[in-house]
Structure formats: structure tokens, C-alpha cells
Amino acid sequence: MSSLLVLLTSLAFTCGTAKPNAGLKTWGRFSKLPYPGDKAFLCDTFPKDFIWAVGTAAYQVEGAFEKDGKGLSIWDTFTRGGNRMATGDVGSDSYHNIHADIRAIRQLGVSHYRFSLSWSRIFPNGTRGSYNEIGTNYYRTLIKKLKEIRVQPVVTLYHWDLPDHLQQSLGGWSNPELVGIFKDYADFCFQTFGDDVKYWITIDNPFVVARHGYGTGVVAPGIKNDPDLPFRVGHNLLKAHAAAWHLYDRHYRPRQQGKLSMALASHWIKPSRTRLESLRECQCSLDHVLGWFARPLFTDGDYPPCMKARLGSRLPSFTQEEREQVRGTADFFALSHGAALSFQLINDSLKFGQQEDLDLRMLLYWVNAEYDRPPIFVVQSGWYVLGNTKTEDPKHMYYLKRFIAEALKSIVIDGVNVIGYTAWSLIDGFEWHREYGIRRGLYYVDFNTPDMKREPKTSATFYRNVIQRNGFPELPENRPAQGVFPCEFVWGVSANSIQVETTPSQFADPSVYLWNISNNGELMRLEGFSAPPLRRTTHCADYATIRQQVDEIRQVGVNHFHFSLNWSALVPSGDVAHPNTTLLGYYRCFTRQLLQANVTPVVTLWHHTRQRSSLPAPLDNANKWLNREAPKAFADYARLCYRELGAHVKMWITLNEPNDEMVSYQEGHQMLLAHARAWHAYDLEFRRAQGGQVSLALHMDWVEPAFSFSREDVEPAKRVLDFRVGWFAEPIFGSGDYPLGMRNWLRQLNSLDLPVFNEADRQLVKGTYDFFAISHFSTKLVTHAKEDSYTYTAMLEVQHMIDTTWIMSPRPVVPWGLRKALNWVKEHYCDVPVYVMANGVQEDPARFKDSLRVYYLYNYINEALKAYTLDGVNLKGYFAYALSDERDPGFGLYGHVHEEVIVKASLSNYRNIIEHNGFPIQGAAPQQCPSLPPPCSGCHALVTRPVMGFLTLVGSGVLITLGLIIYYTAKRHKECY
């Protein structure tokens, strides 16, 4: 009868388990998810009963290593040997700071607190005979205090700190006798604390204990002589856990109703190639770290086949009875993840040629698939900062945000049963082999104060807010806006330059051809024959490149096109009296053809690039913009362009993105004077006749404080915007001088680099605008807390960083940054008309179904609509960047393969937005806008040569009148007969 029961139990377990290697589908599944939509941040909340926890480990925080009868642990011994510099003798002194820890736990608002028992504090020599009542009372008090603040304990029996006596006398976990000793220790803990504990962890991270404690020797007890010893240790750890689980299941669960598991840690790994072999190697890598312990517990009581195949006799084997004893001994899947990543795989041997990655969501999905949907409790997760970091820990905060967000997606999108999340750790402490070189606490511990003062870090504030909101509920500003832009709104597309054809391609071929009209319609060239040269003037229609480019622009559906002229090519000698007339004629034809296609040209006189100055050779060779003659030369060049192209161009950009951080303050000063002279030249000499507008376009990526609730980060963000945008904006749109914050900061640094405007120059520069134009692509975070010297700007004392939840390509995709940038302009310069002159994202040019650009344009334009409709920004137009990959690689709405032009998906989507003039409310009456008038072909002559144009019109009228008189006279004469 008993054997039948065993058989039925076995069959039931087999039927309920997942197929072998079911997790193998994980990589394929995630590769097919919609991009970038699946990568976008998910605003949602966790289930109502979700467990929010925080944790610590005894040796890291307790201290009091010899206090009140505590025995030595293997870490007490290990930290006194070799080249180690520090110990956990005091740690964070939690033994004497229960009240401070409880206060921190209560402030966070967690529902559970995970901590570990120090085995040698309860049993100094590891066995019941050495019982220490005072040490045990410490944990009774801790649990009591937790209950008083309604926080449930999650208790770990063993977190790496084995009583040293057991190591010295028995060889520690290498000895099978420890299975029984651990069972007895667990029995005491269940009996003593179990009425108040509903979640137990038997052993934390057995992989680290076995591989690095008894293999590499990186952690206590530091043994590294026998390469097979880790597998024997792992074998004993599994059997010890199983013994404790069965003990609890039989004797304590009926009354205490708790749950018990073993905390398993893992990295994540992605294939280096797309082949099935690479996926199998990834699976095998996970099997060697996580599956080593998870498969025996959750699947069949035995090691993964991959481990058995590769390790052979080095891996111990379970008897059938042992397999039955181990299998199913976990009530939930306790998963550790985070900073242990770099700690799991100190060398590459277990990566099997694949790439280690940091993806909690995929790991959760793999566990869910591989082990048949167990409830998963993330019992350790977080990141770290350097040891000299105090209460500002931006890196930790944003990694915490990333991991929590991935857990949320795992629940909401992937259907994984994640029941809880544990931020690691509550307070700073002794970080194992890293000692005090890093900090992982949500609370900063000042190790130099007698009471080990605790202060909440920014990560603690963040975590408390997440817990209070139970995740990331959608806020009104996160929701897409519905509505339309005004009828006169400008829709455009930008390009850094256009394709120039100096020799007309039309009528340029002198060859003679036969047209095989009766057969296949091919043209056959006749050898030895050529047509006589044409005696005709060049017409705009002769340029095939103009027709092609204008047609491409027209197909986008825009009403404006922005491009840049080439100063050095138009006036190569620097003398505007001798311009490149051929190129000038080409630009004239191009702008004229744009107008005939109902597309208004927007022309930049000088476009800043880091690669070349684009200045005429005389200036380029003589200090470039630092040449005192540069502003005057630029104004003369501007006059040339206004005179020759102004009939067709009504919107001018003098300087495009001059506010580059590589530009010196002296160069910037000269550029401002050049812009002002060019603006005044138009205002005084051309505006009355041409009726256009002139301004400059500034690069304006948004700068967000890493901690928006911290004044210490708000100020650095303002400072960066002053130096990056206000540098050029304030003299023109504001006071006529550089931002006060900019001057004060440089004065504080004893810097004299920033030039001073004299009164004449101030009056020259101030107010030289007709609109405010920005180029916006991305957003950065800044904090005052230095973390990474590579992204730290010493002069401004700001640390640049990104939110790890942002979509990257290669710059962060942060749509709300555009809305904030537009509001900054409004707040600083009131109701100035604003144009977004360039906005786009770089994507692999080979992706013609450019889903990232589709996502980018939709969401950025939607944020622009919010700025217009909700914030009252005087937004006049939006230009997508860029037209084509051919001129702006990776940014184009058009792609190119050899000679073929490819229309990307983003072009159709952008055109659709333009056709609807935004995002109309569903079911609302369509917006009624007047249709555009047809282009006026004769208006050009009237503007450029009014007398000639007038006489031409009068002459045309006379001829038409005479023609009509002759026609009707002849008709009447014919009727007489």
C-alpha cells in the first residue's frame, strides 16, 4: 500500500511539472515582443497583497562578535587571515541598535523584514549543548519590536556565518554530519520563534557558499584546494535544507502555518549568437548556477542533465530515496538578484561563451517556465554605490527602480506569480569580500560615530514612495493627450544639408538613341552619333536631384522644410562680391521648387558641426570664429543670401546649434555678435520688402535633477541649463547679457573666461529674434553626488547619469523631456513663439520598419501637444529630424539601399499625424481648416522686379484682350455668310 502511495505521488508530481528545459523558450519569446513598446516604462500597480520587504544579514550588520556569549563564526576567523583589511566585528552594530533599525523599517513602510539569525550567537559552538540564552533573547526582542510596528519577519537560518567550531572540528559543510546538526539547529529555531514567523529561509545562496566558500576561497571559510569539493558541499546543503523542510512540514506547519524555502541567487545570460547552440549554452549556464539547486528542489530531486553530462563523476549522485527526500521541499521560490551578479561569476568559466546580462524580468520568466509556475518571492534585490558615497545614492535608486519595474512587468505582462520584493539592504554594513568598499544600504551608516548613526538615503525615500503607491500608478501627465494643433501650425522635416547637383542632369547626355517602341520599349544607344550642343539657358527643371528631393519632401506631407546652406562653398574666397553663382543658382531653384510644391523653405545660414568649421578658407585659416572680422563677414554673407534667396525664403536661421559644449566662451561671444549683425541686416534692409523672420536655433536637450525632490540636485540642473542654453538664449531673448547664475558660478571659480558685453554690443544683441527655435533629442539626469569620473563634469560639479528604465538608442528616449524643455522656454521668455526645429532618434538604417522612430515621433509630438494645450506654450511648429539616411545616417524617414529609396514606416505614421493635425478626440467633429491656396507662379517676378512684373502682367492682359476681340470678330464675320 505504501509503495502504491509513493508511486501515485510520483506520478502526480511528474504530471504537474514543466517539461524539461521549458525555460529554453524564454529568449525566443522576449525577442518577439513588440519593440520598443515592450521596453517602455509600465505605469501600473502591484497586487493588493504584494509583499514589500527589506533585508539584512547577521554578520554584515550585527557586530558584537564576542558580546554576551556569542561564539566565533567562520567570518570572524576568515577576516583575520590573509590580506584582508577589515572585519565585521562591529559592522553597523545592530546588536546595540534595535531601536534605530526598527525606526528605519517603520519609516520605509515595508510589510516584511528579512533578517538572518547568527547561528553562533544562539549556539556558540554550533550545537544545542552550547545554547546561549542572551543571544536568543536578542532575536526575541527584534521579532517582538517588528510585531509592534506590524511588520512580519522573514527569517533566514543560515546566511554564510557557520559557527567556526563546526568548521574546525568537522570540516564545515564538506561533512555530511552537518545535515543532522543543521536540522537540530532549525528545530530549535522553529520551536523558539516559529509562532511569530510565517516565512523561513533555510540557507541563503548555496551557490556562493559551495563554489566560493569551498572552491575559489573568495569567501569564508576560504578553502580552495579541491576542485570537486564545492559539489560535495552543495550536496550536503541540499540535504540539510530538505531535512529542515520535512521537520517543519511534519511537526510545525500544522500549528504555525508558515512557509519555507531556500534562497537561490542567479545571474542572467543572453546568447552571443542567435543559433540554437548558443541558447543551449545559456540554459546550461543557468543550470550550473541556479539549476544546481533549483532543479532538485522544484523538479525531480536530481541535478540538471547539463551538469551531469559535463561534470560526470565529479558531481555526487542522489539515491532514489534521497531524491524523494529533496524533491518538492520548497513552498515558494526564493530568488536573489542584483549586485551579486558580478559576484556570482567572478570568472567566465560558467558563461560558456555567452554574455552576462542584468535582466530580472527575463530571469523571473525563465524560473516560471522552467519550474512550473512557482510563487516567486524576490528575497534580495538591489545595487550598490562606492564606499565614500553618503546619503545621495542615485545609481542605487535607479537600479532599484529598474528591478521593481521589471518585477511589475513580469506580473502584469508575463503572468508570472511574483508575490514579493525585498530591497537590499536596510542599512550599510560589511560587504563580505568587498568589505566596506561599497555600500548597499537604503540607510547611510556613519561608521565613525559611536552610535553608528543611520540616515535615510535618496533610495530609501524612493522605495518608501513606491511602497506607498504600491508601484507606479499612472499619473495624469503620463496619459497620452488628445487634441489638435491650430490650423496654422507648422509641420516640417529637417535635414542638415541637401544633395547638390552643380551640373544639370537633364539634357546633359549628347548621345542619340533609338526607341524600340514596337517591342520592349527599350532605348538603344547609337554608336558614333551625338546630338549638337544645346544653346539654351539652364532651367530649374533641369536638375533631377531637385525634383527627386522636393518630391520626397512633398510625400511626407509637411508644409515646411528646413535645411542648411554651406557658407564655405557659397563664398569660398570669403568675398561676397564673388560668390559661387552656380551653387547659388541651385539653392535658388531648390527653394523655388519647394514653394511650387506648397512647401515653405526654412534656411540655416551656418550649421555648427564638430567635424568641420564650414567657414570660408580665409576665416578658417585665421582663428575661425575668434577672428575679429568674423561677425562682419557673416553679416555680409547673410545679406548675400537674403538678397539672392529672400524672395522664396521667409524663415531664416542664422546659426544652428552654436551652443555646443566644445565651443569656447570667446567663440560663442563672436557667434552672438555675428547673429545680431545678420538679424539687424535683415530687419533694416530686407524685412519690409520680403516680410520674413529671422532667429537662431539652439540645441536643447532637457536636464532633469536625478532627485527631483532634492534641492541639492535641482540647483545643478538649473546650472547646466544656464551653461548650455541660457549661454546663448539670455543675451538674445532676455537681458542682453549672460545668465547671472553662469557669471556667478565662474566668478566663484575665479574664471575670467566669460567675455563681457559693452553697452553697444549689449544693445546690438538684445532682442535679435523673431521666434525661439530649439533642437531637442533626449534628456539627461544630473546630480551633485560624484559617482563616475567618466561622466562627471568637474567645472560644473555635476554628475551626468541616466535612468536605467529608459529606452536607449543610443541616447535615451524620454518624451516628457521635450515638454519640460518647452516649458522652460515659456517660463524664462514668456510668450515667445517657439519652434521645435529638429527632433528625431537614431535607429539602425537597415530597419525600414523603424518601430523605435514610430514610437519616438508619436510620443514626442504628443508631449508637444501637452505643452501647447495644457501648459499654454506658444508652440508654432514641429520639425521631424531627418528626411533621409543618405544625408543624416540613422535618422531618416527615408532609407536607401544602393540607388533605391525606401519609405520607412515612420514616414507614413508622421504623415498620418500631420493629416489629422495632431491626435483628434475620437468621435469629435473634424477640425475645419481653410485649404492652402495654390502656388503663385508669377508672384516671384512681382517681388524681385516689381516694375518688370507689373508691365508683364499688363502686357499679358492686353494680349489676352486682343485675342478675344479677334476671335469674336472672326466668328461674327463667319456667321454673316
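This is a predicted model: local features need pLDDT of at least 70, side-chain atom pairs count only at pLDDT 80 or more; totals for chains, interfaces and linings use all residues.
Strand β33 covers residues 875-881, and five bridges join it to β18, the two strands running parallel. On another pairing, β18 meets strand β21 (residues 560-564) in the parallel sense over three bridges, and here S494 stands opposite H562. Pairing of this kind rests on backbone hydrogen bonds between the strands of a sheet, whether parallel or antiparallel.

Which way do the residues of β18 point? V490, G492 and S494 point one way from the strand, while W491 and V493 point the other way, and all of them are buried. Because five of the five residues of β18 (residues 490-494) are buried, the strand is largely enclosed by the rest of the structure.

**The chain as a whole**

The chain has 977 residues, of which buried residues make up 55%. Its secondary structure comes to 34 helices and 36 strands. Among contacts between residues at least 6 apart in sequence, 78% join residues that are at least 24 apart. The accessible surface amounts to about 42500 Å², and 53% of that area belongs to carbon and sulfur atoms.

**The barrel and its helices**

Eight strands form a closed barrel with parallel pairing, in the order β2-β3-β4-β5-β6-β8-β10-β12. From one strand to the next, the twist averages 25°.

Helix α11 lies across β5 (199-204) and β6 (259-265), and it runs at about 160° to β6. Helix α18 (residues 394-412) lies across β2 (51-55), β8 (333-338), β10 (376-382) and β12 (418-424), and its direction is at about 175° to that of β12.

**Nonpolar cores**

How many residues does the largest nonpolar core have? It has 277 residues, and those with the most contacts inside it are W173, Y421, Y463, F561 and Y910. Helix α11 (residues 229-251) supplies the largest share of this core, 12 residues. Another core lies apart from it and has 11 residues, among them I51, V154, I201 and F377.

**Salt bridges**

The count of salt bridges comes to 48.

| Pair | N to O distance |
|---|---|
| R554 and D551 | 2.3 Å |
| R639 and D636 | 3.2 Å |
| D770 and R687 | 3.1 Å |

The pair of R554 and D551 belongs to helix α20 (residues 544-556), where the two residues are three apart, about one turn of the helix. R554 counts as partly exposed because its relative accessibility is 44%. D551 also counts as partly exposed, with a relative accessibility of 30%.

R639 and D636 both lie in helix α24 (residues 630-645) and are likewise three residues apart, about one turn of the helix. R639 has a relative accessible area of 25% and is therefore partly exposed. For D636 the relative accessible area is 24%, so this residue too is partly exposed.

D770 lies in the loop between α29 (759-765) and β26 (772-775), whereas R687 lies in helix α26 (residues 687-690), so the pair ties together parts that are 83 residues apart in sequence.

Salt bridges also link R29, D38, R361 and D414 in a network.

Terms used. Residues are numbered from 1 along each chain as its sequence is written. Side-chain values use heavy atoms; hydrogens and water are left out. A salt bridge is a side-chain nitrogen of Lys or Arg within 4 Å of a carboxyl oxygen of Asp or Glu. Helices (H or I, at least four residues) and strands (E, at least two) are DSSP runs, numbered from the N terminus. Buried means under 20% relative accessible area, exposed over 50%, partly exposed in between (1.4 Å probe, protein chains only). Contact means heavy atoms within 4.5 Å. Accessible areas come from the Shrake-Rupley method with a 1.4 Å probe; for residues, only the protein chains shown count as cover. Two strands pair if DSSP finds at least two bridges between them. A nonpolar core is a set of buried Ala, Val, Leu, Ile, Met, Phe, Trp, Tyr and Cys residues joined through side-chain atoms within 4.5 Å. Axes are lines fitted to C-alpha atoms, for helices over the stretch in contact, and angles run from 0 to 180 degrees between N-to-C directions.
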